[in-house]
Amino acid sequence: MAAPLRSVVSRAAVRRALGPLPRGSFFPPVSRVASQSRTIVQRATSPTLRAAAHRTQRHALSRPTTLVLARSLSGKPLPQRKSWTLNFCYRMMAWVGTTIAVGGILVTAFFIYDATTYKEGADAGDITVGQLALQPRRGGPKNLPIADVLIDDNDNNGKRNNQDKPKLVILGGGWGGVALLKELHADDYHVTVISPTNYFLFTPMLPSATVGTLESRSLVEPIRRILGRIHGHFIRANAEDVCFRERLVEVSQTDSNGQKTSFYVPYDKLVVAVGSVTNPHGVKGLENAFFLKDINDARMIRNKIIHNLELACLPTTSDTERRRLLSFCISGGGPTGVEFAAELYDLLNEDLTRNFPRLLRNEISVHLIQSRSHILNTYDEEVSKYAEKRFARDHVDVLTNSRVQEVHPDKIVFSQKQEDGKLVTKELPIGFCLWSTGVSQTEFAQKIAKNLGDFQTNRRALETDTHLRLNGAPLGDVYAIGDCSTVQNNVADHIISVLRGIAFKQGKDPETMHLHFNDWRKVANEVKQRFPQAISHLRRLDKLFQQFDKDQSGTLDYGELRELLTQIDSKLTSLPATAQRANQQGVYLGQKLNKLAHLAKGLEVNDVRDGDLDAAAFRAFEYRHLGSLAYVGNSAVFDLGEGWSFTGGLWAVYAWRSVYFAQSVSFRTRCLMAMDWAKRGIFGRDLMSF
């Protein structure tokens, strides 16, 4: 029993004493082993360990030298004998060197690419231009030139192949028009965009451009660049009128001599997306106010703000005049007015004190005039209250229940409703006034509505059906989308006319018809298909049937049915005049036009030319509200609809930026927006007027 125990103990003791040899190294020479063995013998305390050590020593001395290379090699690194500090420095130098090398490679690659973008000679050659493009024929009601062929129809194969395709003319380059362009297939239509501006403007971020948070170029994208994918054409001109009978659009432009020149552009399908203008509401003196609808408006506002700040610094400016110059007034408590007030406050609070005399900060005042009881009145009430509390904390004067009567160069006159219901007229000295109070029709839209007569009864927008076709125009020829249009909700009139047609075919009097519940379900399905916005009001058909079956006869007569449909009509509100709605309409119309182009050959073979082709080929338009958001000064609010909303500080600001960053029209504008936000954080806003 003792011998195996001594053997086991001796081996373990020797291993602990010698320690493990590093893998990949050789056995030490015999002399070193002997020396180590003597040391073990001297250190052994117990007789058992001492005897085991003696045996190990004798075994080591008698071991043949041929076993020195018996240990196998290993791939593990050698033991680190240098200090931790030196190893860390070596690693850091390796990382820095690698980073510099990669950066140098990227910079070199960029310069190589940049060098390829320069050309040292003109691409001279023969250019094919049609005779009709240089000398267009005349015709139409006013005997004007007709642009049947454009001068760039033969510029490339894509445009050359689209010459004989149906002519699609789009009036306007806003949200609706650009969404339509991005959705169209490249080879289905001969596309021409007509607009007085040659760029698309990202309007939700326009208030940021008024104070230098974002630069103007970061919010615009050239229309011609967007048209390149579908081989489209662009004409910078103003639309003047439409001849529906001959399918001609009259456009005009000022030539190099300053004279107005007009011509016609023919179309097979026309899309009216001309937008809207600011609603003046009959207020006098609006020539003394600024508007915020275009990039030029943002530039003029920025110049005016900086100009007032510079004038306030002059030693000859009195205290009263300084306070007037630094009094900024915004008329309109909607998203545009609120976001501009927030951006203006950020400018004055973050950048003014670092670059202008501190006295100016104490003299500045910002006023927001709102006709309703709350700002952001189309948002959830909790969101409105949060924005008001935020402005109260930032000392932004919010004047609710107030209506502007007149704007003077140095003051604004408004009436305010008191708690007792009385109206009090007040005056407010101002150095700047922004007018942002809703939208109204453009002159072009008003002219079209007048030409269509009784088919257009809305004074604020062009009326369309649920397929976005312009009421009164030839069916399937003209569409209207965006702020210039509104979808007509005439559920009662449409369904009653359908029922009358069915009754007359059956030889019955529609006034005496009675609908059972199954008949009512068929009518409801017709309503849902024709008017998708009414779906939410037709969820419980049985309750509606019982509610309007006044005589409890188990049927709905003509009068009861009309009353039911009229109530549904009253619940359907007009679609909001927002970029979100215009974008959805543009996407919808692009998909439908693609579908019609795909079905065109089949319809032509079967000689199907008339009828409701839109309804047969595609569903009706349904607006889906995705929520509303607004910036309120280093915080943001989100109203998602149906009672869902949230507010927050900087994290909400980053979420607000992320939403608009994702919706930006191109990769180029996204890069520019990101660089502008970074530049603002590092260097501050540019306080320059130009």
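**Close-up views of a predicted model**

**View 1. Lys679 and Asp676 form a salt bridge, 3.9 Å from N to O.** The model is predicted. Lys679 and Asp676 both belong to helix H23. They sit 3 residues apart, about one turn of the helix. Lys679 is partly exposed, at 26% relative accessible area. Asp676 is buried, at 7%. Both residues belong to a network of salt bridges that links Glu215, Arg302, Asp676, Lys679 and Asp686.

**View 2. Asp351 and Arg685 pair through their side chains in a salt bridge.** The N to O distance is 2.5 Å. Asp351 and Arg685 are both buried.

View 3. Glu321 is partly exposed, with 30% relative accessibility. The salt bridges in the model number 27.

**View 4. Helix H18 (residues 541-548) has buried residues on one side.** Leu541, Leu544, Phe545 and Phe548 are the buried residues of H18. Their arc around the axis is only 100°, so they lie on the same side of the helix. Lys543 and Gln546 are exposed on the other side of H18.

Methods
Residues are numbered from 1 along each chain as its sequence is written. This is a predicted model: local features need pLDDT of at least 70, side-chain atom pairs count only at pLDDT 80 or more; totals for chains, interfaces and linings use all residues. Side-chain values use heavy atoms; hydrogens and water are left out. Buried means under 20% relative accessible area, exposed over 50%, partly exposed in between (1.4 Å probe, protein chains only). Helices (H or I, at least four residues) and strands (E, at least two) are DSSP runs, numbered from the N terminus. The arc is that of the directions from the helix axis to the C-beta atoms. A salt bridge is a side-chain nitrogen of Lys or Arg within 4 Å of a carboxyl oxygen of Asp or Glu.
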